[in-house]
Amino acid sequence: MLCDLCGKNQATVHLTEIVDEQMTELHLCEECARQKSVQMEQQFGLADLLAGLAELGGKTAEEKEVSDKIKCPSCGLTYDDFKKIGRLGCSECYTSFKKYLLPLLKKIHGSARHLGKIPRVKAAAINSAPGASELEELRHKLQVAIGREEFEEAAFIRDQIKEMEKRGKNK
Amino acid sequence: MKIDDLLNHTSEWLKGTGPNSDIVISSRIRLARNLSGIPFPHRANKAQSQGVLSAVKEAVGKVDALKKAAVLEMQDMDNVDKLLLVERHLMSYEHAKVTDSKAVVVDPDEVVSIMINEEDHLRIQVMQSGFNLFETFNIVNKLDDALSEHLDFAFLSDLGYLTACPTNTGTGMRGSVMLHLPALVMTRQINRILAAITKLSFTTRGLYGEGTEASGNFFQISNQMALGHPEEEIMNNINGLIRQIIEQEEQGRQALIAQARSMLEDKIHRSLGTLESAHIITSQETIDLLSMLRLGCDLGIIKDITRRTINELFILTQPAHLQKIKNKKLTPQERDAERAQIVRDKLKSR
């Protein structure tokens with residue numbers, strides 16, 4: 001039997017993969033099997049690493065149980081889900097899990113305080129430039145409407161933004 | 001712009017120009033950005049993802065610097081087209097795997113590309129030939145400013161830009177420099193250097209990014225930290241590190257010339273000989289031999305082949321490019337034969 005991947009060498013390694021309940025069999029030569037195992041290790045690597053780091057959240061078993069159950073009200077992701085997939089669900093998760101995320105961020109980056117760029121529009125809003133912040137707020141509302149799948153509302157806000165941008169240009 | 005147009009065009013990063021282009025292939029910076037109020041791509045439903053796609057497309061249309069850019073949606077492309085974009089470093093392999101509500105914005109010079117709905121809603125990437133991090137940063141920074149005038153990016157003043165993966169939180173910035181380090185590999189110093197890089201919170205990857213092994217003496221080095229330092233400081237750190245590696249590689253090359261010139265010349269000319277006469281060649285062997293040829297060209301041992309020709313061969317011999325040139329699906333065996341042919345033809349016509 002020839003290797004399924006390179007089709008050149010004799011297959012000596014036989015793998016069974018189950019993805020989404022679908023079973024596939026792979027017959028590989030030694031070289032391709034070695035490469036595949038490197039790939040798999042790397043894929044597991046990051047998730048494992050993050051999960052390990054994310055454990056920093058709760059120190060005792062009880063605390064851990066409490067932290068695992070915390071759910072982001074915006075997207076429904078639990079801290080336990082996050083530990084499994086290593087990805088946050090939405091920007092609100094940062095606020096929902098803040099207590100547990102801060103030590104994790106510190107571990108990853110050596111710091112948990114942003115010192116870099118601030119979006120220009122937000123910087124302008126901080127300096128309370130009139131108009132700019134109003135438009136900014138509308139854009140935020142538009143995206144929230146998309147997030148909530150309120151598309152009629154979204155279309156209405158989009159028109160408001162267009163109108164406001166037009167006025168801005170004519171000034 | 002159509003995908004087929006890319007074939008007759010040399011990507012900016014493959015031009016072989018720019019500072020230190022004998023050792024540095026390209027400088028690349030990408031920013032991860034998300035729209036506030038909408039779940040990150042892996043958690044968004046179809047309608048939300050479509051909402052992101054249309055909002056970003058609309059914003060792109062309003063940015064002057066992106067007037068000529070094409071928005072290529074994954075659902076409109078076949079696998080070869082998608083792989084072609086991966087081979088040209090315009091998008092990630094991950095991005096090509098799932099088609100729903102995903103797109104990539106590409107400018108005709110292939111300097112800018114924006115992946116929509118990859119791991120984050122936006123991955124803004126700018127790539128330049130040679131060692132050019134600061135110019136690259138200026139371009140991507142302006143682009144980010146322009147887009148932020150039309151999109152509300154998820155941002156907290158204490159944590160910075162919010163990303164799906166906490167490794168990108170903060171600046172959302174990753175700067176990567178692609179290096180060609182044959183002398184450090186041949187003199188067996190590379191492992192020592194790679195180990196030191198990791199200790200300094202930088203990562204090394206292969207030619208095609210995350211999860212790929214370094215091959216043919218090519219190494220991609222990027223920052224790991226994204227939070228706690230201003231962008232300029234992160235750039236300065238990468239810049240300083242890369243300078244040191246360039247110096248080490250230069251010393252390695254000089255040492256090889258001084259102590260093992262005939263071995264080096266033999267290796268380079270044999271590589272050229274194989275490339276000129278092979279009738280079947282794998283992509284890995286091609287990369288390894290072209291790497292030697294590039295070194296020969298950099299050291300003046302090979303005089304009648306330009307760096308640009310070698311760079312072009314690197315890309316034209318990749319699987320999707322071969323299939324696009326031949327305009328048909330090729331089996332791996334057929335590709336090995338076509339690849340050898342293209343290399344022979346290109347080297348003959350010099």
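Me: How much of chain A is buried?
Reply: Of the 171 residues in chain A, 36% are buried. Buried means under 20% relative accessible area, exposed over 50%, and partly exposed in between, with a 1.4 Å probe and protein chains only. This is a predicted model, where local features need pLDDT of at least 70, side-chain atom pairs count only at pLDDT 80 or more, and totals for chains, interfaces and linings use all residues. Residues are numbered from 1 along each chain as its sequence is written, chains are lettered from A and ligands numbered from 1 in the order in which they are written, and side-chain values use heavy atoms, leaving out hydrogens and water.

Me: What is chain A built from?
Reply: Eight helices and two strands. From the N terminus the order is β-β-α-α-α-α-α-α-α-α. Helices (H or I, at least four residues) and strands (E, at least two) are DSSP runs, numbered from the N terminus.

Me: And what share of its contacts join residues at least 24 apart?
Reply: In chain A, 27% of the contacts between residues at least 6 apart in sequence. Contact means heavy atoms within 4.5 Å.

Me: Where is A:Arg34?
Reply: In helix α1 of chain A, residues 30-54. A:Arg34 is partly exposed, because its relative accessible area is 41%.

Me: Now chain B. How many helices and strands?
Reply: Twelve helices and ten strands. Its radius of gyration is 21 Å, close to the 20 Å from the globule rule for 350 residues, so chain B is as compact as a globular protein of that length. That radius is taken over C-alpha atoms, and the rule is 2.2 Å times the number of residues to the power 0.38.

Me: What does the C-alpha trace of chain B span?
Reply: About 65 × 45 × 30 Å along its principal axes. Buried residues make up 61% of chain B. Of its contacts with a separation of 6 or more, 71% join residues 24 or more positions apart.

Me: B:His121, buried or exposed?
Reply: Buried, because its relative accessibility is 0%. B:His121 sits in the loop between β4 (112-116) and β5 (122-129) of chain B. Its side chain reaches the backbone oxygen of B:Pro39 at 2.8 Å. Beyond its neighbours within four places in sequence, B:His121 has contacts including B:Arg33, B:Phe40, B:Val52 and B:Met115.

Me: What about B:Thr136, where does that lie?
Reply: In helix α5 of chain B, residues 133-148. B:Thr136 is buried too, at 0% relative accessible area. Leaving out neighbours within four places in sequence, B:Thr136 touches residues including B:Ser27, B:Ile29 and B:Val126.

Me: Switching to helix packing. At what angle do α7 and α8 of chain B pack?
Reply: About 175 degrees, with the axes 12 Å apart. So α7(B) and α8(B) are roughly antiparallel. B:Arg192, B:Ile193 and B:Ile197 of α7(B) meet B:Leu241, B:Ile245 and B:Gln248 of α8(B).

Me: How far apart are the axes of α9 and α10 in chain B?
Reply: They are 10 Å apart, and the angle is about 170 degrees. So α9(B) and α10(B) are roughly antiparallel. Angles under 35 degrees count as roughly parallel, over 145 as roughly antiparallel, 65 to 115 as roughly perpendicular and the rest as oblique.

Note on methods
Axes fitted to C-alpha atoms, helices over the stretch in contact; angles between N-to-C directions. Polar contact = N/O pair within 3.5 Å; in protein donor to acceptor, adjacent residues only side chain to side chain.
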